[in-house]
Each structure stands twice: as C-alpha cells, then as structure tokens.
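Please read the following report alongside the sequence and the coordinates. It moves from the chain as a whole to individual residues.

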Amino acid sequence: MELQDICFYVKERIKVSELTNFTYISTENMLPNKSGITKATNLPSDK
C-alpha cells in the first residue's frame with residue numbers, strides 16, 4: 001500500500017489566532033518513541 005492510497009496532502013493553512021497551546025503540534029512537543037505529545041510552550045509567529 002502506498003501513502004497516497006490512504007491519505008491526501010493538504011496545502012491549506014489556518015490562522016495562528018485559531019491555534020492554542022493544546023491544538024498546535026510541532027516536532028518540539030512530540031515525545032520520542034511514539035509516546036505522544038505535550039502542550040506546546042509557544043505558538044509560531046503570525047507571518
């Protein structure tokens with residue numbers, strides 16, 4: 001099975017103002033070994 005068979009690429013973006021420290025996920029708040037995520041300590045700048 002190929003990745004394109006089970007998902008699709010999204011090019012849309014949401015406004016930073018719609019994010020919270022609980023809904024924003026980046027590599028910085030991902031825990032190693034598939035252990036989950038933690039609350040983000042900061043949000044990206046609105047650029």
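Of the 47 residues in the protein chain, 11% count as buried, where buried means under 20% relative accessible area, exposed means over 50%, and partly exposed lies in between, with a 1.4 Å probe and protein chains only. This is a predicted model, in which local features need pLDDT of at least 70 and side-chain atom pairs count only at pLDDT 80 or more, while totals for chains, interfaces and linings use all residues. Residues are numbered from 1 along each chain as its sequence is written, and side-chain values use heavy atoms, with hydrogens and water left out.

The secondary structure comes to zero helices and zero strands, these being DSSP runs of H or I with at least four residues and of E with at least two. Along its principal axes, the C-alpha trace spans about 35 × 30 × 15 Å.

## Surface and charge

The protein chain exposes about 4,900 Å², of which carbon and sulfur atoms supply 54%. A nonpolar surface patch of about 430 Å² is made by Met1, Leu3 and Ile6, and within this patch Ile6 is exposed at a relative accessible area of 58%.

There are 6 positive and 6 negative side chains, and the centres of the two sets lie 7 Å apart; Lys and Arg count as positive and Asp and Glu as negative, without His and the chain ends.

## Backbone at Asn33 and Lys34

Most residues other than glycine have a negative phi. Asn33, however, has a positive phi of about 60 degrees, and Lys34 has a positive phi of about 55 degrees. Asn33 is exposed, with a relative accessible area of 74%, and Lys34 also counts as exposed, at 87% relative accessibility.

## Surroundings of Asn21

Asn21 is partly exposed, with a relative accessible area of 24%. Not counting residues up to four places away in sequence, Asn21 touches Lys39, Ala40, Thr41, Asn42 and Leu43, contact meaning heavy atoms within 4.5 Å. Asn21 and Leu3 are 18 residues apart in sequence and 29 Å apart in space, C-alpha to C-alpha.

Note on methods
Patches are made of residues with over 30% relative accessible area and no salt bridge: like charges are joined within 9 Å, nonpolar side chains (Val, Leu, Ile, Met, Phe, Trp, Tyr) within 5 Å. Accessible areas come from the Shrake-Rupley method with a 1.4 Å probe; for residues, only the protein chains shown count as cover. A salt bridge is a side-chain nitrogen of Lys or Arg within 4 Å of a carboxyl oxygen of Asp or Glu. The place of a charge is taken as NZ of Lys, CZ of Arg, CG of Asp or CD of Glu.
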